[in-house]
Amino acid sequence: MISEIKIVYIDDIADLIFSRYIQKNYIKSDYEVDGRKYKKTYKYIRFDPLKGYEELLCNPDVKTANIILVDNHLFEESTSQKSRFSGKQFKILIKKLLPFIEVLIITQDETLQGRNILHKCPDTDIKPEDYFKNHEKLDERLDLLIDNIIEFNDLATDLCNSEDVNKELIDKILNTLDGSSVYENLTKSDIDSLINSFKELKSKIENM
């Protein structure tokens, strides 16, 4: 169903070292699996703090991305009060609206750890190529996400060919895969409510 893997990096100010590594190293070759080749593409999207998260969710490049790389402090530093939540919470929002998109959180905070956390290259003598490839294992982690994406799409293809699954359900899944119906039944009020729920949950956890 897919012929390319779309990687999107979201930040208010691009980390040029990180962005350059993706462009010059990771996407230079196709991804191959089971005799099939997938072209890897990359795009940087500048986040405008004055416009908030709604613009990102409406951006066609975001909705049709396969992998999103997002700065963890992107929204916390926003001038918009409504947009102040972390990249980790944005990941949850994306997974709610577009569950087949994979998300990695980019951060300079070494205290943040986890399989979905990627640390920026420190300001030292270490070469970015060595840091991202060997220390952060970025290539391996992106490859694993691509495997997940291809597996989901293969399953979707099987669904399309199945006579035992409701056609309406199939259409809904396929629309979710390509991001075409993300707002079909979801209003801005729904999204704001979802964000507020995240904030309330975070507050409860911090006060436990």
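Me: Over how many bridges do S4 and strand S5 (residues 102–107) pair?

Reply: This is a predicted model: local features need pLDDT of at least 70, side-chain atom pairs count only at pLDDT 80 or more, and totals for chains, interfaces and linings use all residues. Residues are numbered from 1 along each chain as its sequence is written, and side-chain values use heavy atoms, leaving out hydrogens and water. Helices (H or I, at least four residues) and strands (E, at least two) are DSSP runs numbered from the N terminus, and two strands pair if DSSP finds at least two bridges between them. S4 and S5 run in the parallel sense, and the count is five bridges.

Me: Which residue in S5 is the bridge partner of Ile67?

Reply: Ile67 belongs to S4, residues 67–71. Its bridge partner in S5 is Glu102.

Me: How many of the five residues of S4 are buried?

Reply: Buried means under 20% relative accessible area, exposed over 50% and partly exposed in between (1.4 Å probe, protein chains only). Ile67, Leu69 and Asp71 point one way, Ile68 and Val70 the other. The rest of the structure largely encloses S4, because its buried residues number five of the five.

Me: With which side chain does that of Lys120 make a polar contact?

Reply: Lys120 sits in the loop between strand S6 (117–119) and helix H5 (128–135). Lys120 is buried, at 12% relative accessible area. A polar contact is a pair of N or O atoms within 3.5 Å; within protein, one must be able to donate a hydrogen and the other to accept it, and residues adjacent in sequence count only if both atoms are side-chain atoms. At 2.9 Å, the partner is the side chain of Asp71.
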